[in-house]
Amino acid sequence: MTAQNASVTPGVRDFPNGGGAAALLAAGIGSFMVAVFAILGDQSALFKKLFVFYKPTGPLSGVTTSAIVVWLVVWFFLHRRWSWQMVDMARVRTAALILLFLALLLTFPPLADLF
Amino acid sequence: MEITTRSLLTMIHGMGFGALYLMACSGALVELHRRYRSPLKPAIEIEDERFLGLYLTIMAVLAWLTVLTGAYVIYPWYRAVPPAGTVDLAGYPQRLLMSSPSTIAWHSIGMEWKEHVAWLVPISITMAAAVFARHGRNLKVQPELRAAVLAFVWISLFAAGIAGFFGAMLNKNAPVQGGATIHIVQGGEK
């Protein structure tokens, strides 16, 4: 979809899609990082120890906090870069959805334990 | 009739924030599908745009409240380690589940999945709220972005469903108990 299509719909702003694409891809990356950090925290004694940011919650505190930090940092930089651009949304959408599906699968313990 | 503070807070986490999110998510999906489905329909009104933006923002707040109370209030009680020699594990839900082959999977699969997959929910719905805040009615002419946001909201519903299901089953098999007792109603003899 291009900005040309936007202009033919009454009442709709002609607006670049970069901001939305940045949020979408960052959410995919952030979700994927939850799974990656969860596997690291589970499989590696070093990371299990490093991820204890708050003792009562244990490694979960570091796993999720780290993933959220990565998500927000990636979002910030992608937004700065793409905010006022038209980007290839099909590619961004595919990448974001693949990352989200992988996150969903890799948080499932029998699959996560394969690593 | 009485309830302990831990049970009350677990109920607020699960049945308050979590269940409310699940219901709100169903509503959001219906609204997003209905209002953007037909390419022939005009873009949504300004009032609808504001309403949906506010609705998604409230959902994001609910999702964050659910995971934060879960991870930082309820989970420490769940994973508490009993002193050596403790026989009654009722106050230590994780250890209680792990003490029997018939219940250990509720922890090793249920809690292990729930505690991580639940975090996909606030990430997804915060993104959806942010995209909607930025693009609003403009999503009408950006079907790829709209479809992707909808897919994230669907998966957030699925992930919240997994977390909710296992949360309920975990609390059924090994309830989080303890803390001060709150007397709700003084019962009389019937």
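This is a predicted model: local features need pLDDT of at least 70, side-chain atom pairs count only at pLDDT 80 or more; totals for chains, interfaces and linings use all residues.
How many of the 115 residues of chain A count as buried, as a percentage? The share is 44%, where a residue is buried if 20 or more other C-beta atoms lie within 10 Å of its own, exposed if 12 or fewer, and partly exposed in between, with C-beta atoms placed from the backbone.

Residues are numbered from 1 along each chain as its sequence is written, and chains are lettered from A and ligands numbered from 1 in the order in which they are written.

**Stop 1: chain A**

Select chain A and colour it by secondary structure. You will find six helices and zero strands, in the pattern α-α-α-α-α-α when read along the sequence; helices (H or I, at least four residues) and strands (E, at least two) are DSSP runs, numbered from the N terminus. Of the contacts in chain A with a separation of 6 or more, 75% join residues 24 or more positions apart, two residues being in contact if their C-beta atoms, placed from the backbone, lie within 7 Å.

**Stop 2: H2 and H5 of chain A**

Now select residues 18-43 of chain A, which form helix H2, together with residues 89-106 of chain A, which form helix H5. The two pack at an angle of about 25°, with their axes 8 Å apart; axes are lines fitted to C-alpha atoms, for helices over the stretch in contact, and angles run from 0 to 180 degrees between N-to-C directions. That angle makes H2(A) roughly parallel to H5(A), since angles under 35 degrees count as roughly parallel, over 145 as roughly antiparallel, 65 to 115 as roughly perpendicular and the rest as oblique. H2(A) passes H5(A) in a left-handed crossing, a term used if the near helix is turned anticlockwise from the far one by less than a right angle, and right-handed if clockwise. To see the contact itself, show side chains including A:Leu24, A:Phe32 and A:Ile39 on H2(A), and A:Val92, A:Ala96 and A:Leu106 among those on H5(A). By class the contact has 19 nonpolar, two polar and one charged residues, where Ala, Val, Leu, Ile, Met, Phe, Trp, Tyr, Cys and Pro count as nonpolar, Asp, Glu, Lys and Arg as charged, and the others, Gly among them, as polar.

**Stop 3: A:Val52**

Next, select A:Val52, which lies in the loop between helix H3 (45-50) and helix H4 (59-82) of chain A. With 17 C-beta neighbours inside 10 Å, A:Val52 counts as partly exposed. Leaving aside neighbours within four places in sequence, A:Val52 is in contact with A:Gly58, A:Pro59, A:Ser61 and A:Gly62. The C-alpha atoms of A:Val52 and A:Gly62 are 5.5 Å apart, although ten residues separate them along the chain.

**Stop 4: where the chains meet**

Bring chain B into view: 36 of its residues are in contact with 41 residues of chain A. On the side of chain B that touches chain A, the elements giving two or more residues are H2, helix H4 (104-117), helix H5 (120-135) and helix H6 (143-173) of chain B. The residues of this side divide into 23 nonpolar, six polar and seven charged.

Keep H2(A) and H5(B) selected, whose axes come within 9 Å and cross at roughly 175°. These two helices are therefore roughly antiparallel to each other. Among the residues making the contact are A:Leu24 and A:Val34 of H2(A), and B:Leu120 and B:Met127 of H5(B). Centre on A:Leu24, which, not counting residues up to four places away in sequence, touches A:Val92, A:Arg93, A:Ala96, B:Met127, B:Val131, B:Leu145 and B:Ala148.

**Stop 5: the core**

The largest nonpolar core has 84 residues, and those with the most contacts inside it are A:Leu24, A:Val34, B:Leu120, B:Ala128 and B:Ala159. Such a core is a set of buried Ala, Val, Leu, Ile, Met, Phe, Trp, Tyr and Cys residues joined through C-beta atoms within 7 Å. Its largest share, 17 residues, comes from H2(A).

**Stop 6: H1 of chain B**

Finally, select helix H1 (residues 5-36) and helix H2 (residues 46-78) of chain B, whose axes come within 9 Å and cross at roughly 150°. That makes H1(B) roughly antiparallel to H2(B). On helix H1 of chain B, find B:Leu9, which is partly exposed, with 18 other C-beta atoms within 10 Å. B:Leu32 is also in helix H1 of chain B, but this residue is buried, with 21 other C-beta atoms within 10 Å.
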